[in-house]
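Please look over the sequence and the model below before reading on.

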Amino acid sequence: MKAGMIGLGAMGMGMARNIAKAGMLSAVYNRTAAKAQDLAEELAVSAFDRPEALAANVDIVLICVSADRDVLDIVEKIATSIRPGSIVIDMSTVSSATAQQAAACLAEKQVAFLDAPVSGGVEGAKKGTLAMMIGGEAAALERARPVLEAMTARIMHIGPTGTGQATKAVNQVMCAGINQAVTEALAFAQIQGLPLDKVIEVISGGASGNWFLQHRGLTMTQGTFAPGFKLALHHKDLKICREMAAQAGFTIPLSDATVSDYEQLMAEGFGDEDISALYRLKRML
Ligand code: NAP
């Protein structure tokens with residue numbers, strides 16, 4: 001089975017390396033071509049200069065790009081060349097509506113589509129330990145499973161197309177709350193003059209322990225905010241979540257507050273920093 005990867009950003013790069021390690025990656029494409037050429041050389045796979053050329057040469061097309069319009073642009077391009085019977089798997093974080101639109105476009109070409117967003121951060125992408133939530137046909141998932149297992153520690157089939165992205169929206173709302181809680185609590189520790197390394201270590205082992213505290217606690221308190229997960233991307237995700245919540249007649253106040261905080265940080269030029277840059281605002285409180 002030959003897989004091709006489109007999108008070699010912070011997430012896609014690690015994903016591609018793990019599929020290559022499992023012997024199933026045959027091609028890569030990236031908008032900024034130099035990244036694809038360097039990785040192709042490293043992994044001894046082909047680099048294509050257009051997504052449609054990649055799609056014509058593989059059985060499974062994997063996508064991990066930024067936002068809704070980017071995914072739909074790629075899908076529209078590959079639909080012109082992809083072979084019937086292929087599978088397209090989108091691992092970007094976008095809306096359920098985008099997943100449904102992509103699936104409908106590819107169904108016309110007898111191509112299956114899975115929305116398969118992930119959680120676990122850049123570390124998870126590098127280590128191949130991502131959690132993946134999947135919407136789409138179970139049969140397509142079973143065919144693609146060997147490729148997906150190369151990148152993940154956990155795969156969950158949620159239901160029909162769009163339910164993977166709906167589950168990811170739940171995850172993003174939870175991340176917003178955790179970011180608020182961890183940054184605020186650590187700023188409170190700092191203002192009390194506590195030794196932050198000890199605070200983080202002991203709390204990580206108790207009932208408040210969580211992934212974000214363990215992986216970003218020390219760096220944020222040291223004033224380092226290298227991504228990680230870009231704040232501007234989480235902002236994009238939370239706006240999708242807000243629309244989905246509004247459609248369901250539901251409110252997500254913690255996410256609303258996080259969107260406003262991120263907008264302040266983005267206006268100050270911190271949009272490309274990790275989401276833990278929220279600590280910048282909390283330590284000013
Ligand atoms: P990133 O580092 O900013 O990379 C984005 C990638 O998408 C780059 O390869 C970029 O190409 C490509 N791209 C963007 N727009 C494109 C377009 N119109 N056409 C073709 N390629 C395009 O982002 P990332 O952190 O890898 O995130 C990718 C996706 O995964 C996002 O949807 C994000 O929300 C999701 N996600 C991220 C994390 C995380 O912790 N970072 C965790 C879970 C999910 P260039 O190289 O040319 O810019």
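In this predicted model, a residue is called buried when its relative accessible area is under 20%, exposed when that value is over 50%, and partly exposed in between. Glu123, at 24% relative accessibility, therefore counts as partly exposed, whereas Arg216 counts as buried because its relative accessibility is 9%. These two residues form a salt bridge in which the closest N and O atoms are 2.7 Å apart.

What surrounds the ligand? Of the 26 residues around the ligand, Asn30, Thr32, Lys35, Ser66 and Asp70 come nearest. Oxygen atoms of the ligand also lie 3.2 Å from a backbone N or O atom of Leu8, 2.9 Å from a backbone N or O atom of Thr93, and 3.0 Å from an N or O atom in the side chain of Lys230. The protein covers 90% of the 910 Å² of accessible area that the ligand has on its own. The elements giving two or more residues to the shell around the ligand are helix 1 (10-21), helix 4 (68-78), helix 6 (121-127) and helix 11 (231-247), and helix 11 gives the most, with 3 residues.

Asp115, found in strand 6 (residues 112-115), is buried yet has no salt bridge, the nearest side chain of opposite charge being that of Lys168, 12 Å away. The side chain of Asp115 does, however, reach the backbone nitrogen of Gly164 at 3.0 Å, and the residues that Asp115 touches include Asp90, Met133, Thr161 and Gln165.

Ile60 lies in strand 4 (residues 60-63) and counts as buried because its relative accessibility is 2%. Leaving aside residues up to four places away in sequence, Ile60 touches Met1, Lys2, Ala3, Gly4, Ile87, Ile89, Ala144 and Val147. Gly217, by contrast, is 157 residues from Ile60 in sequence and 38 Å from it in space, C-alpha to C-alpha.

How values were computed. Residues numbered from 1 in each chain as written. Predicted model: local features only at pLDDT ≥ 70, side-chain atom pairs only at ≥ 80, totals over all residues. Heavy atoms only, no water. Helix = DSSP H or I, 4+ residues; strand = E, 2+ residues; numbered from the N terminus. Buried < 20%, exposed > 50% of the residue type's maximum accessible area, 1.4 Å probe, protein only. Lys, Arg positive; Asp, Glu negative; His and termini not counted. Salt bridge = Lys/Arg side-chain N within 4 Å of Asp/Glu carboxyl O. Polar contact = N/O pair within 3.5 Å; in protein donor to acceptor, adjacent residues only side chain to side chain. Contact = heavy atoms within 4.5 Å. Near = heavy atom within 4 Å. Areas by Shrake-Rupley, 256 points an atom, 1.4 Å probe, with all protein chains shown as cover.
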